[in-house]
Amino acid sequence: MSILKVARLGHPVLRAGARTLTAKEVASPEIQRLLRDMVETMREYNGVGLAAVQVHEPLQIAVLEVADNPRYPDKPAVPLSVLINPRIEPLEQTSEDDWEGCLSVPDIRGRVPRYTKLRVRALNHEGRELDFVAGGFHARVIQHEFDHLNGKLYLDRMGDLSTLAHLQEYIRYWAEK
Ligand code: NI
């Protein structure tokens, strides 16, 4: 497995969007290898999610996992999952503000409004159809990764940029104790 280079804010690949994959492509050795490398890369940098565009691949793939993460110590666990060609539909019109970070925007946090409950449809790592409901932090991570696949960053979703914080100031003043 390899740890992949992560594109940072300003790299055009983060704004270009991503194409969908067929189930046959998902099964290919190239994509299976990419999925393993994306998981390895996400874990190496303590991400809770990673989109293929962040590793310079304009494909509709995201991986996510929340498990004892030092960057998000107080968040509920989300098992490792692979979402390919994800489609999301808010099930409640309510949204909630919470802190987000991004491996492509290093050492910065900001408060971002997100829908609290979603229906999610996607293919899994075997190319099989998934259809499930996600809420809370899980729904937040999925919306963040979904945005990556459509050329958006969480900064674009912030109504108010005044909460942007360098990580050290975030920890000093804003992190839940
Ligand atoms: Ni991100």
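**Exercise 1.** Which residues of helix 3 are buried?

*Solution.* The model is predicted: local features require pLDDT of at least 70, side-chain atom pairs count only at pLDDT 80 or more, and totals for chains, interfaces and linings use all residues. Residues are numbered from 1 along each chain as its sequence is written, and side-chain values use heavy atoms, with hydrogens and water left out.

Step 1. Helices (H or I, at least four residues) and strands (E, at least two) are DSSP runs numbered from the N terminus. Helix 3 spans 136–149.

Step 2. Buried means under 20% relative accessible area, exposed over 50%, and partly exposed in between (1.4 Å probe, protein chains only). The buried residues are Phe-137, Ala-139, Arg-140, Val-141, Ile-142, Gln-143, His-144, Glu-145, Asp-147, His-148 and Leu-149. Helix 3 is thus mostly covered, with 11 of its 14 residues buried.

Step 3. From first to last C-alpha, helix 3 reaches 20 Å, close to the 20 Å expected at 1.5 Å a residue; the expected span is 1.5 Å times one less than the number of residues. Gly-151, with a positive phi near 75°, follows helix 3.

**Exercise 2.** How many cavities of 30 Å³ or more does the structure hold, and what lines the largest cavity?

*Solution.* Step 1. On a 1 Å grid over the protein atoms alone, a cavity is a set of points where a 1.4 Å probe fits but cannot get out; a pocket is an open set with protein on both sides within 12 Å along at least five of seven lines; lining residues have an atom within 4 Å of a point. Grid points are joined across faces, edges and corners, and a volume is the space filled by probe spheres set on the points.

Step 1. The structure holds one such cavity, and the largest cavity has about 140 Å³ of space. Its lining has 16 residues, with Val-48, Tyr-72, Gly-101, His-144 and Glu-145 closest to the centre.

Step 2. Strand 4 and helix 3 each give two or more residues to this lining, and helix 3 gives the most, six.

**Exercise 3.** What is the volume of the largest pocket, and which elements contribute to its lining?

*Solution.* Step 1. The largest pocket contains about 210 Å³ of space. Strand 4 (95–102) and helix 5 (167–174) each give two or more residues to its lining; helix 5 supplies the largest share, three residues.

Step 1. Of the 14 lining residues, Arg-71, Pro-73, Arg-109, Tyr-170 and Ala-175 lie nearest the centre of the largest pocket.
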